[in-house]
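Good morning, and thank you for coming.

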Amino acid sequence: MSPLRQFKKIPEEVVRKIEKKNFPWERFYDLNPHEIGELVRMPKSGKTIHKYIHQLPKLELSVHVQPITRSTLRVELTITPDFQWDDKVHGQSEVASLSAIFKKKCESAIVIIGLVSIKNVNSQLEKISQLLIVIFDF
């Protein structure tokens, strides 16, 4: 199901055409309005679809992990919003849930879960979080 379904101004016919294409969602961000219009065979809709694609909340994440001791890691997480803010779509803030998964051989466990709140006034600023994670044998 396409995330574009949440925008009521995009006709159902356009959303269905996008879903039938089996086109990788990440690739839509690389297309210009003309290319999107051609992809769905509706050239006049390309500009509108392009606008809504770039309003979907998208975060770029960068992680730097530094071992401190055998069982302690320092993690620096940089979160950069990569979408166009629109008060009509996003309201005053957007909240994203993030989780980090630690893998050890064939086992895995969720190490940390957090929420990131992005507000209109800082929607284009990157956020840096530093964490210390203690790893226990499981």
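Let me begin with Arg41, which is found in the loop between α3 and α4. Please keep in mind throughout that this is a predicted model. Is Arg41 buried or exposed? Its relative accessibility is 66%, so Arg41 counts as exposed. The backbone here deserves attention as well: phi of Arg41 is near 60°, a positive value in a residue other than glycine. As background, most residues other than glycine have a negative phi.

A second residue of this kind is Asn22, which lies in the loop between α1 and α2. Asn22 is not a glycine, yet it has a positive phi of about 55°. With a relative accessible area of 70%, Asn22 is exposed.

Let us turn to helix α1. Which residues of α1 are buried? They are Val14, Val15 and Ile18. As for their partners, the buried residues of α1 pack against α2 and α4.

In general, nonpolar side chains in soluble globular proteins tend to be buried together. The largest nonpolar core here has 17 residues, and those touching the most other members are Leu4, Ile10, Ile18, Ile49 and Ile53. Take Ile49 as an example: leaving out residues up to four places away in sequence, Ile49 touches Leu4, Val14, Ile18, Ile36 and Val40. There is also a second, separate core of six residues, including Ile79, Phe83, Trp85 and Val116.

Next, the strands. Strand β1 (residues 59-69) and β2 run antiparallel and are joined by 10 bridges. The two strands form a hairpin, with two residues between them. Within this pairing, Glu60 has Thr80 of β2 as its bridge partner. Thr78 is placed in strand β2 (residues 72-81). At a relative accessibility of 14%, Thr78 counts as buried. Setting aside neighbours within four places in sequence, Thr78 is in contact with Glu60, Leu61, Ser62, Glu126, Lys127 and Ile128.

Finally, the aromatic rings. How many aromatic pairs does a search of the whole structure find? The search finds five. In the pair of Trp25 and Phe28, the ring centres are 5.1 Å apart and the planes stand at 45°, so this pair is tilted. Trp25 and Phe28 are three residues apart in helix α2 (residues 25-28), which means that about one helical turn separates them. Phe28 has 1% relative accessibility and counts as buried. For Trp25 and Tyr29, the centres lie 6.3 Å apart and the planes stand at 80°, so that pair is edge-to-face. Tyr29 is buried too, with a relative accessible area of 16%. Ring pairs link Phe23, Trp25, Phe28 and Tyr29 into a cluster.

Two charged residues complete this part. The charged end of Lys58 sits over the ring of Tyr29, at 4.0 Å from the ring centre. The charged end of Lys51 sits over the ring of Tyr52, at 4.7 Å from the ring centre. Thank you for your attention.

Note on methods
Residues numbered from 1 in each chain as written. Heavy atoms only, no water. Phe/Tyr/Trp six-rings, centres within 6.5 Å; stacked < 30°, edge-to-face > 60°. Helix = DSSP H or I, 4+ residues; strand = E, 2+ residues; numbered from the N terminus. Buried < 20%, exposed > 50% of the residue type's maximum accessible area, 1.4 Å probe, protein only. Lys NZ or Arg CZ within 6 Å of the ring centre and 35° of its normal. Core = buried A, V, L, I, M, F, W, Y, C linked by side-chain atoms within 4.5 Å. Contact = heavy atoms within 4.5 Å. Pairing = 2+ DSSP bridges.
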